[in-house]
Amino acid sequence: MQDASRPNLTRRAILGAFAATAISAAPFFPGVTAYARGSGDIRRLHFYSGRTGESMNVIYWIDGTYIPESLGEINHFFRDWRNNAVHNIDARTVDFLAATHSMLRVNEPYMLLSGYRSPQTNAMLRARSRNVAQNSLHLHGQAADVRLRSRSVRQIAQAAQACNAGGVGRYSRSDFVHFDCGAVRSWGS
């Protein structure tokens, strides 16, 4: 008997979620139309930051090629909002977030709570909470903490775990899920 609360997600379903992204969105992003012509695989990242009030809805990958300008926009959006320090965000984390978002079949953007963290910010957060790792993957641009209003922490974490792509932390009391491109593991409740 299959657990109805857990979606039946396979590698094929994950790849299909990426392929299902609409090509019609490409004209809204300058310079992308030519790349999209005839392409069947587009990856998008859709975010909102409650900290800065900024939004981002960007196609960052088309037919096997990352778009450098889009990755630059992602790096800026995921910056440490406390001191505006920007760091390169690992594309594996970006892909992990995008795949999970597609699998959840939602139109709303993720709310970004924490992307890149400077050493100063990480030290300050560690002084306030025992849940902040000293060598957090946030310090290396390899992690993000997110939430969706329309999905529970459990639903987001289940979809992320089905990707088998990295670390997934459930923080139900704080209403967010941690994603990282480190070793495949999960924790929290």
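The lining of the largest pocket divides into nine nonpolar, 10 polar and 10 charged residues. Here Ala, Val, Leu, Ile, Met, Phe, Trp, Tyr, Cys and Pro count as nonpolar, Asp, Glu, Lys and Arg as charged, and the others, Gly among them, as polar.

This is a predicted model, in which local features need pLDDT of at least 70 and side-chain atom pairs pLDDT 80 or more, while totals for chains, interfaces and linings use all residues. Residues are numbered from 1 along each chain as its sequence is written, and side-chain values use heavy atoms, without hydrogens and water.

Back to the pocket. On a 1 Å grid over the protein atoms alone, a pocket is an open set of points with protein on both sides within 12 Å along at least five of seven lines; a cavity is a set where a 1.4 Å probe fits but cannot get out; lining residues have an atom within 4 Å of a point. The largest pocket holds about 720 Å³ of space, counted as the space filled by probe spheres set on the points, which are joined across faces, edges and corners. It is lined by 29 residues, and Arg117, Asn131, Asp145, Tyr171 and Phe176 are the closest to its centre. Among the elements giving two or more residues to this lining are strand E4 (110–114) and helix H5 (119–128); these are DSSP runs, numbered from the N terminus, with at least four residues (H or I) for a helix and at least two (E) for a strand.

Next, the cavity. There is one of 30 Å³ or more, and the largest cavity has a volume of about 110 Å³. Of its 15 lining residues, Arg79, Trp81, Leu113, Ser114 and Gly115 lie nearest the centre. E4 provides the largest share of that lining, three residues. The lining of the largest cavity divides into five nonpolar, five polar and five charged residues.
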